[in-house]
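Hi everyone, thanks for coming.

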Amino acid sequence: MATLLKSSIGKKLIQSISGLFLIVFLLLHGTINFFSVIDTFTGNFGSAEGLFAKGCEFMALPIVTIMVPVLALGFVVHIAYGIYLTIGNLRARGGVNRYEVASKAKTDSWAAKNMLVLGIIVLGLLAFHMNHFWAHMQLQEFIGSEAEDPYMLLCATFGHWWVVVLYLVWFVAVGLHICHGFWSALHTMGFNNSIWMTRLKVLSAIVAVVIVVMFSAVAINACCQAVLW
């Protein structure tokens, strides 16, 4: 097992598993946030009876709070192995001029060629996001303080157009990262025949679009609600 984890295949496997774990989290997180959009149409936006409020209560449960360090570890592992594998691929393909020679890289998608750049964008705005939401909600619950009202926090954050723009850029970067990363992870785990590859790429695009649309709708909806409030 130790030998496998030290090998190139083992490192790709760890990268794949950690990436899939983070995608599952994004789907859950995006669904709970999207409840705020549903609350707008049901007239429960800002209400303690709203689906979003209930979802935030769920995220504040001790068992979920305990998962925060696990999630953080998943990010660290994914980022560390992503950088390591990218550097290895650059060396194997001839360094920064790798696309000047005939190779598989010429047929790769833009997202595949720029996974590290997309990862850096995602990581940079992640700190921005955690300062806006995690620090005012989950962290407050963790230290025993009262968390801020989730609806008010949404409106306060997305009430500034430039913040919405930054988040939309972030969501698109996450989507592009997932569009390549999802099928690539499953490919590494064995779903790599010609039939499955086509299906996985379509599925990856669908998952990426769903995540981007959910989070973007939340930001835009909160911006509109901030104006109305």
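Let's start with helix 6, where Met115, Leu118, Val122, Leu125, Leu126, His129 and His132 are buried, meaning under 20% relative accessible area with a 1.4 Å probe, protein chains only. Helices here are DSSP runs of H or I, at least four residues, numbered from the N terminus. A word on the source: this is a predicted model, where local features need pLDDT of at least 70 and side-chain atom pairs count only at pLDDT 80 or more, while totals for chains, interfaces and linings use all residues. Residues are numbered from 1 along each chain as its sequence is written, and side-chain values use heavy atoms, leaving out hydrogens and water.

Now, what does helix 6 pack against? Helix 6 and helix 9 pack at an angle of about 135°, with their axes 9 Å apart; axes are lines fitted to C-alpha atoms over the stretch in contact, and angles run from 0 to 180 degrees between N-to-C directions.

Helix 9 covers residues 161–188, and alanine 173 is buried, at a relative accessible area of 4%. Beyond its neighbours within four places in sequence, alanine 173 is in contact with Leu118, Ile121 and Val122, contact being heavy atoms within 4.5 Å.

Finally, which residues does histidine 29 touch, setting aside its neighbours within four places in sequence? They are His129 and Phe215. Histidine 29 sits in helix 2 (residues 8–42) and is buried too, with a relative accessible area of 16%.

Conventions:
Helices (H or I, at least four residues) and strands (E, at least two) are DSSP runs, numbered from the N terminus. Buried means under 20% relative accessible area, exposed over 50%, partly exposed in between (1.4 Å probe, protein chains only).
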